[in-house]
Amino acid sequence: MDVLFITSVAVVVADPSLSRKLFIEVLGLPLEGEGNGYYSSGSVPGSKHFGLWPLSQAAAACFGTPQWPADRVVPQASIEFEVENAEAVAAAGAELQRAGFELVHQARTEPWGQTVARLLTADGLIVGISYAPSLHDVQGDQVSG
């Protein structure tokens, strides 16, 4: 697997309003709402994408339901690693499975164009292998810096 960079880091939040108070009001991060409870920014220094991801949305993304499964550790954060293209996401997912890791879902393309496969660690970290076209220069397929 050839990881190009960290695509995204998001705090998975059980109490979105309290988390917005901490990260936006107190820490002053330039996070903006996307109209669905998810707040994020590509303007936090050192990060391509930082977000506050409501637990219900993480559950929907991973399991297709807004309720986190009771038999799974509740995640605290999500990190996604970028690979070179959508096909590499599927290959990375297969590599993770061969190494003994259970995916919560195979590679799939989200409505916003990102292809991602995810797993959940025993420590409560959602790990994604991702290809986000918006982070690549389409003409030369050079990684945006």
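A residue counts as buried when its relative accessible area is under 20%, as exposed when over 50%, and as partly exposed in between. In this predicted model, Glu110 has 10% relative accessibility and is therefore buried. Arg108, at 29%, is partly exposed.

Strand β7 covers residues 115-120, and six of its six residues are buried, so the strand is largely enclosed by the rest of the structure. In a regular strand the side chains alternate between the two faces of the sheet. Here Thr115, Ala117 and Leu119 point one way, while Val116, Arg118 and Leu120 point the other way.

β7 runs antiparallel to strand β6 (residues 103-109), with four bridges joining the two; the bridge partner of Arg108 in β7 is Val116. Five residues lie between β6 and β7 in their hairpin, where Gly113 takes a positive phi near 100°. β7 also pairs with strand β8 (residues 125-131) in the antiparallel sense, over six bridges, and Thr115 stands opposite Tyr131 of β8. The hairpin of β7 and β8 has four residues between the strands, and Gly124 in the turn has a positive phi of about 90°.

**Salt bridges**

The model has four salt bridges, including these:

| Pair | Closest N to O distance |
|---|---|
| Glu110 and Arg118 | 3.2 Å |

Salt bridges that share partners join Glu80, Arg108, Glu110 and Arg118 into one network. Both Arg118 and Glu80 are buried.

Notes: Residues are numbered from 1 along each chain as its sequence is written. This is a predicted model: local features need pLDDT of at least 70, side-chain atom pairs count only at pLDDT 80 or more; totals for chains, interfaces and linings use all residues. Side-chain values use heavy atoms; hydrogens and water are left out. Buried means under 20% relative accessible area, exposed over 50%, partly exposed in between (1.4 Å probe, protein chains only). Two strands pair if DSSP finds at least two bridges between them. A salt bridge is a side-chain nitrogen of Lys or Arg within 4 Å of a carboxyl oxygen of Asp or Glu.
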